[in-house]
Amino acid sequence: MMGPNSVRILAELLDRYPLRLGADARILDLGCGTGLTSLVAARETGARVYASDLWIPAEENRERFAQWGAGEQIVPVCGDAKELPFEEKQFDALISVDAYHYFAGSKGFFQEKLLPFMKDGGTILIGVPSLKDACAGRSEELLSDWLGEDAHMFKSPSQWKELIGSDDRFAAVETWEMDCFEEAWGDWLASDHKYAGSDRPYLETVIRPYTCLAGICIRLK
């Protein structure tokens, strides 16, 4: 784990919006980290998964996928979400767990940087640490003690919907507060990761009172 349990977050996304795909389908896992979500997506759908991350070297993930017995199904990629090296309309689905807030906080980002790679009829599922809607617009006031200059990255579910905006290719955009907040954060804070240790003191004073996990689903025509 590199934050709140990504497997729990992805499981809720897939329970709510199952991806019924076959072996010929392609999924982009954007901000895959060490590839846990890529492995789950591959096993749950049977599709080929492109596991893209800026911070984790592709070779490191390639070795991990091979050890997991998924080296033929998951393609590791190291790259910036703002300059993805893919072909137009390459993907049937896109997933992004605990990563979207790092690169997609500006209006029009999805349409400009991600939408061109999605096939018609595709589905985008995103799970991201967020502010509660009741705290919208107060991220720096409420979260700076915990996150410092990164506090601005936290948006509320309604703010994420506004940032994604509209497009002629959209069939629907939905955002919501996810149900797996307590379990996902509990798993992370119970781990021995050094960053979990630095998050732990803020659970009762900042994380639980003001934040949530936002689910985002974009369905394309």
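1. Helices H5 (residues 139-147) and H9 (residues 203-210) pack with their axes 10 Å apart, at an angle of about 135 degrees. Axes are lines fitted to C-alpha atoms, for helices over the stretch in contact, and angles run from 0 to 180 degrees between N-to-C directions. H5 is therefore oblique to H9; angles under 35 degrees count as roughly parallel, over 145 as roughly antiparallel, 65 to 115 as roughly perpendicular and the rest as oblique. H5 passes H9 in a left-handed crossing, a term used if the near helix is turned anticlockwise from the far one by less than a right angle. Leu142, Leu143 and Trp146 in H5 meet Val206, Ile207 and Tyr210 in H9, where contact means heavy atoms within 4.5 Å.

2. The model is predicted: local features need pLDDT of at least 70, side-chain atom pairs count only at pLDDT 80 or more, and totals for chains, interfaces and linings use all residues. Residues are numbered from 1 along each chain as its sequence is written, and side-chain values use heavy atoms, with hydrogens and water left out. Helices (H or I, at least four residues) and strands (E, at least two) are DSSP runs, numbered from the N terminus.

3. Seven strands form an open sheet with mixed pairing, in the order S3-S2-S1-S4-S5-S7-S6. S3 (74-78) and S6 (170-177) are the edge strands, each with a single partner strand, so one side of each has no neighbour in the sheet. From one strand to the next, the twist averages 15 degrees. Two strands pair if DSSP finds at least two bridges between them.

4. Strand S5 (residues 118-131) is mostly covered, with eleven of its 14 residues buried (under 20% relative accessible area, 1.4 Å probe, protein chains only). S5 pairs with S4 (residues 91-97) in the parallel sense over six bridges, and Val97 stands opposite Gly127 in S5. The chain runs from S4 through helix H4 (residues 109-114) to S5 in a right-handed β-α-β crossover; right-handed applies if, with the strands pointing away from the viewer, the path from the first strand over the helix to the second runs clockwise.

5. S5 also pairs with S7 (residues 211-220), in the antiparallel sense over nine bridges. Gly127 stands opposite Gly215 in S7.

6. S1 (residues 26-30) and S2 (residues 48-53) pair in the parallel sense over five bridges, and Arg48 in S2 is the bridge partner of Arg26. Helix H3 (residues 58-67) packs on the sheet and touches S2 and S3, its direction making about 160 degrees with that of S3.

Terms used
Buried < 20%, exposed > 50% of the residue type's maximum accessible area, 1.4 Å probe, protein only.
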